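Welcome! Open your viewer, get the selection tool ready, and follow along stop by stop.

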Amino acid sequence: MLGLRGKLRIETERLVLRLPAHGDFRQWSELRRQSEGFLTPWEPTWSDDHLTRRAFSNRVAWAQRCSKADTALPLFLVRRDDDSLLGAITLDNIRRGPAQAGTLGYWVGAPFLRQGYMREAIAAVVHHAFKVMDLSRIEAACLPENTASRGVLERAGFKYEGVAQSYLQINGRWRNHVLYANLRHDRRGRTDAGL
């Protein structure tokens with residue numbers, strides 16, 4: 001799972017999950033621009049400089065800082081066959097001590113929808129979080145009408161836990177979210193995610 005010089009690299013059958021790098025800017029900005037119509041209903045409102053090189057450089061610096069500090073694990077999904085950037089997955093709000101938990105967020109570019117890439121990435125991050133990072137609980141939230149996101153979480157072993165009122169501002173409005181969690185020692189039913 002760890003590559004040369006200690007750089008994090010998680011490999012799956014079709015993907016490499018790794019920290020973003022400055023050289024990813026062009027692929028990232030093109031994929032985000034191409035997927036804007038698909039992504040904006042599900043995400044916080046993009047800032048005016050969202051797709052700029054400067055904003056991306058800040059994102060790369062943040063990723064390096066928080067991964068070293070063990071507060072987040074922001075990873076890009078890169079297809080092994082051709083090094084195409086497909087999306088991103090972040091294990092954020094990592095809490096240590098008695099909680100040993102984190103919050104999962106993700107996006108995939110419109111050209112790569114419904115091909116199983118995100119399920120593969122979620123399974124790999126869950127496994128890494130439980131086996132390498134020693135977390136006990138991974139939480140995720142999505143809009144109630146986002147059936148694709150709900151489905152991928154459920155297929156990855158996450159279980160529905162309830163609704164959070166006005167959980168996040170999405171596309172400029174405070175929105176309720178459905179909450180899911182995956183537990184390392186899940187007593188609510190068996191799951192093969194993270195094994």
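Start by selecting Asp-24, which counts as buried at 8% relative accessibility (buried means under 20% relative accessible area, exposed over 50%, and partly exposed in between, with a 1.4 Å probe and protein chains only). The side chains of Asp-24 and Arg-18 meet in a salt bridge, 2.8 Å from N to O; the term stands for a side-chain nitrogen of Lys or Arg within 4 Å of a carboxyl oxygen of Asp or Glu.

A word on what you are looking at: this is a predicted model, in which local features need pLDDT of at least 70 and side-chain atom pairs count only at pLDDT 80 or more, while totals for chains, interfaces and linings use all residues. Residues are numbered from 1 along each chain as its sequence is written, and side-chain values use heavy atoms, with hydrogens and water left out.

## Helix H1

Next, select residues 25-34, which make up helix H1. Helices (H or I, at least four residues) and strands (E, at least two) are DSSP runs, numbered from the N terminus. Which residues of H1 are buried? They are Phe-25, Trp-28, Ser-29, Leu-31 and Arg-32. Look down the axis of H1: these buried residues fall within an arc of 165°, so they line one face of the helix (the arc is that of the directions from the helix axis to the C-beta atoms). Turn to the other side of H1 to find Arg-26 and Gln-34, which are exposed.

What covers the buried face? Among the elements covering the buried residues of H1 are helix H2 (36-39), helix H3 (53-69) and strands E3 (73-79), E4 (85-95) and E5 (101-108), where contact means heavy atoms within 4.5 Å.

## Links across the chain

Select Asp-134 and Arg-184, whose side chains form a salt bridge of 2.5 Å, N to O. This pair joins distant parts of the chain, 50 residues apart: Asp-134 sits in the loop between helix H4 (117-131) and strand E6 (137-142), and Arg-184 in the segment after strand E8 (173-183).

Then pick Glu-145 and Arg-175, another salt bridge, with the closest N and O atoms 2.7 Å apart. Here the partners are 30 residues apart, with Glu-145 in the loop between E6 and helix H5 (147-155) and Arg-175 in strand E8. Is each one buried or partly exposed? Glu-145 is partly exposed at 40%, whereas Arg-175 is buried at 15%.

## Last stop

Finally, select Arg-95, Arg-137, Glu-139 and Glu-161, which are linked in a network of salt bridges. The structure holds twelve salt bridges.
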